[in-house]
2 protein chains.
Amino acid sequence: MNHRIYDFQQWLKEQDTSIGFLTSSDNIFYLSGFRSDPHERLLAVAVFPEGEPFLVCPQMEKADARRSGWNHEILGYTDIENPWELIQEAVKKRGVSVKKAAVEKEHLNVERYEMLQHIFAGPIFVSAEEKLRSLRMIKDEKELKIIREAVKWADFAVETGVSEIAEGKTELDVLASIEYELKKAGINEMAFSTMVLTGTNGASPHGNPGKTKIKRGDLVLFDLGVVYEGYCSDITRTVAFGDLSDKQIEIYETVLKAETAAIEACRPGATCAELDLTARNIISDKGYGSYFPHRLGHGLGISVHEYPSLTETNSLVLKPGMVFTIEPGIYVPDVAGVRIEDDILVTENGCEVLTSFPKSLQYIK
Amino acid sequence: MNHRIYDFQQWLKEQDTSIGFLTSSDNIFYLSGFRSDPHERLLAVAVFPEGEPFLVCPQMEKADARRSGWNHEILGYTDIENPWELIQEAVKKRGVSVKKAAVEKEHLNVERYEMLQHIFAGPIFVSAEEKLRSLRMIKDEKELKIIREAVKWADFAVETGVSEIAEGKTELDVLASIEYELKKAGINEMAFSTMVLTGTNGASPHGNPGKTKIKRGDLVLFDLGVVYEGYCSDITRTVAFGDLSDKQIEIYETVLKAETAAIEACRPGATCAELDLTARNIISDKGYGSYFPHRLGHGLGISVHEYPSLTETNSLVLKPGMVFTIEPGIYVPDVAGVRIEDDILVTENGCEVLTSFPKSLQYIK
């Protein structure tokens, strides 16, 4: 029994809950070490206050699950078997009568919810997510070692991208080179779709890289991250190709000031809201408040977006071991888009900035 | 009002349903033309039997949604606003009292389900998915044109991969080159994680490409697809590097025979089960039945896995305009893994194989 399952079991006991039934790949990976994308097929881990947990997966993934280190029961099912019958039987075999079930209400779909209602004869459902989020929010040494490695590759990726900038290359040309070099180095999975945006394309905070060519006087925005051994990194840098206008420079320096101030405010005891507002006020004071339409940042780990969420209303207090992004941005349509994002680890006395690519405005000649 | 929304509205009327509330990116794209990955944020389309539909999206995506061609109301919300209040208000404004709501039971999560129960004061929930699947299952000419283009890029990708095979290159080296060339050509999104598996790695049907080096006598399996203008392709080819053993050849030829026979059986009026069993019986007759642990194929379109599902128990009858994969495989651990997959369009008189990379066993020297 690993300590994560043990901790979750203790919580189930405290909550007087008969079963924890988890279906999200990320929580399953956290508890079991097994990572899989089952598409529309069912992947689940069931944990009980007492007794042996089990994993449910497609028959053809059973061997992979075993190799991942899951040493409890595995219920493998083929495409023509009904996994819910297997689950019902496995629960019955354990002598468990389900009165109260903890599920991921933000992940479990209505169809599966109705199946669970059916096979467990209408239990009460409570959310397991807050507990798993709080378990996952504080990273242990082993996780931090992996995250540091993931972050190193994000820095490498930005370096690669910046070195590829040249007149006439497209966003996709640069993006292709970044991911090519990562793959050659053994990094095959990105944490999300890599963004390379040039010129005013960067003013769309969720823009799609395309065939726009880089030209002198443009800002080039990189937002990317890798998945390394199941953990995500996430970095944004915006660099200049040739000389910039005064307006572009003002926007960049405002974002940098906001980002730096938020990092300086980051220590155990500060709240998420304090950090967000530290950055937001600097941007608002410069008159760009309405051009910063998103939260300051988000937790980072097995999921690229997890807890804590750094919004201006979140009173959650920071603790050592939390890892999150700080990523203010200013997006003025048809003028410029700038975002600067670091990955931050809260330490005993303050914080450590994990990402290391320079943030002073880089002019690429 | 586009014809898809109109068709869905007619169904809502027939079902005496007050609202269709859809939250999956794929169905939203199908109905609205707007494609977005909102992460944990809410993205939704609401359709009513009468009256104007609306789209709900993060404030910062509003302009993108408008540009995608959605010309009805858009409810944009910031990270600190509650989108459910906006939805409740927009529904009230339309004078709609929700007694019965159609949702995607396989997609909608329990948390949102409970929110809808709350803001609509406990309506009956029915599933909208079967209707949307049947609408989406038959492709129109415009969709087929896009899918053909997506398939062309899948063929190109396999060609690129095969041309990169060389002694000592790793799976990831070959994969890196494939995606590099695609991106340079403007194709940035893969339909799923590209698979390049060599030697016995191919015997894991969902294996992960890594640093295994290609060596003579190996089979190399490619399974990949691209997303082109929102539609997916999906192809698998297995080729030989150098000479193969008799066993490897037998496995290859058995899969090829099964795949070819299933395609020959493919015509309007045949069932999904008939196709699956045509291939499965050939594989079983050769003694490899237990090494073919998955269905024959799956529908293909906006989603890489959609309807129809080609299992040995699905009595769904094929109709012209359906597009799906046919992809039998044999995976003998520590011996060989072979899968051959084509994208198939059901025509008036039979079918058309959209993918065109050769299937006779290719020996790469």
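Tutor: Happy to! A word on terms comes first: an axis here is a line fitted to C-alpha atoms, for helices over the stretch in contact, and angles between N-to-C directions run from 0 to 180 degrees. Keep in mind that this is a predicted model.

With that in hand, look at helix α2 (residues 25–32) of chain A and helix α6 (residues 129–137) of chain A: their axes come within 11 Å and cross at roughly 60 degrees. Perpendicular would begin at 65 degrees and parallel would need under 35, so α2(A) and α6(A) are oblique to each other. The crossing of α2(A) past α6(A) is left-handed. On the α2(A) side, the contact is made by Asp26(A), Asn27(A), Tyr30(A) and Leu31(A), and these meet Leu132(A), Leu135(A) and Arg136(A) of α6(A). Sorted by type, the residues of this contact are four nonpolar, one polar and two charged.

Now for the strands. Strand β1 (residues 19–22) of chain A runs parallel to strand β5 (residues 100–103) of chain A, and three bridges join them. One pairing to find on screen is Gly20(A), whose bridge partner in β5(A) is Ala102(A). β5(A) also pairs with strand β6 (residues 124–127) of chain A, again in the parallel sense, over four bridges. Here Lys100(A) has Ile124(A) of β6(A) as its bridge partner. Finally, β5(A), helix α5 (residues 110–119) of chain A and β6(A) together form a right-handed β-α-β unit.

Notes. Residues numbered from 1 in each chain as written. Chains lettered and ligands numbered in written order. Predicted model: local features only at pLDDT ≥ 70, side-chain atom pairs only at ≥ 80, totals over all residues. Heavy atoms only, no water. Helix = DSSP H or I, 4+ residues; strand = E, 2+ residues; numbered from the N terminus. Parallel < 35°, antiparallel > 145°, perpendicular 65-115°, else oblique. Left-handed = near helix turned anticlockwise from the far one by under 90°. Contact = heavy atoms within 4.5 Å. Nonpolar A, V, L, I, M, F, W, Y, C, P; charged D, E, K, R; others polar. Pairing = 2+ DSSP bridges. Right-handed = clockwise from strand over helix to strand, strands pointing away.
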